[in-house]
Amino acid sequence: MSRFLSSRFADIEPYTPGEQPQDMQYVKLNTNENPYPPAPGVIRLINEAQTSRLNLYSDPTVEPLIQELARFYKLRPGQIFAGNGSDEVLAFAFLAFCDRERKVCFPEISYGFYKVFARLFNLDDARAIPLKADFSIDPEDYVNCGRNVVIANPNAPTGLSLSVQQIERIVKTNPGYVVIVDEAYVDFGGKSCLELIEKYDNLLIVRTFSKSRSLAGARLGFAMGAEGLIEDLNRMKFSFNPYNINRLTMLAGVEAVKDRTYFEDCLKKIIKTREESALHLMEMGFEVLPSKANFLFARHPALKGEAYYRALKQRGVLVRHFAQPESIANFVRITIGTPEQMEILLQKTREILHQEG
Ligand SMILES: *Cc1c(COP(=O)(O)O)cnc(C)c1O
């Protein structure tokens, strides 16, 4: 830290991304990427001709992408906002809607960035609400809470999800506040509350291309909600970085949305692999939370989370381990890979249980 850093950031604790090792080849099951490549159209389109146009600025309205998303989700273009990853969309939402008067709350165990944004934007009295003993979110904690709400549904890293009715109750009982539902994983079997956005002007749904659309490296996310909320997000964007989506990423996004068949096939494969992997882990004695996401959150009574993570890494398999908070320290989060990758994970796990269990 230099002596020039503003004192308001002196004690900020930045988000720690999962490891992205660039050296050795791991079976990489640690950051919830999609194991399948982007849709064929994406790969075809990002060619020499498109790359040679990088001398020109990108389209600040991102019109073609917004149009394509509007068609896919049967919305009006004014109900959609696109960002440089959903992390940026979430940052703009925190910036636009939260302050000392309009406080925010979110689950204590959830996507780590919510806490970081709360700190970055000086929301000192952001409230982190504990999960229930079974690691689920208690919707009653958010009913009538008199704050903005941020909820990941399905939640991370648990994979557990709330029903549309439960979310609706939160939205309906907090009409003076924005309820942000981060649906990063919803395509893997959760229920989206998209149908509610026509009915409530305080619901903002955030999605990403990083998981279900195989574009983590392109950085693309979006939000869907009432036109007023979308205007507010655009106000943030045009005050910060009007060209937030680069040319190649916009093209990639359009092509990914166009190919519904490829999208649905990938999802089907991942869901099938998830269910099979969960069964195999349970057969070995793991407790596996019922996941609606592209990962499993699991623990074994005879194996400490940290030890399991390390033993897998030694054997070339990367998973995610959270040392804090203590209540989840014995879990690991395992991204669903291809059947072949999961076979390696299961094989190495059997080996580890034999040696260390
Ligand atoms: C991965 C993830 C994000 C971030 O996605 P990007 O679009 O890659 O920035 C946001 N929220 C949750 C819950 C996630 O798991």
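Glu287 is partly exposed, with 35% relative accessible area (buried is under 20%, exposed over 50%, partly exposed in between; 1.4 Å probe, protein chains only). Its side chain meets that of Arg299 in a salt bridge, 2.7 Å from N to O; the term stands for a side-chain nitrogen of Lys or Arg within 4 Å of a carboxyl oxygen of Asp or Glu. Arg299 lies in strand β10 (residues 295–299) and Glu287 in strand β9 (residues 287–288), so the pair ties together parts 12 residues apart in sequence. Salt bridges with shared partners also join Arg76, Glu198 and Glu227 into one network. The whole structure holds 20 salt bridges.

The model is predicted: local features need pLDDT of at least 70 and side-chain atom pairs pLDDT 80 or more, while totals for chains, interfaces and linings use all residues. Residues are numbered from 1 along each chain as its sequence is written, and side-chain values use heavy atoms, without hydrogens and water.

Another salt bridge links Arg71 and Glu68, with the closest N and O atoms 2.9 Å apart. Both residues lie in helix α3 (residues 63–73), three residues apart, about one turn of the helix; helices are DSSP runs of H or I with at least four residues, strands runs of E with at least two, numbered from the N terminus. Arg71 is exposed at 56%, whereas Glu68 is buried at 11%.

Ser110, in the loop between β3 (104–107) and α5 (113–120), is buried at 13% relative accessibility. Beyond its neighbours within four places in sequence, Ser110 is in contact with Ala152, Asn155, Ala156 and Pro157, contact meaning heavy atoms within 4.5 Å.
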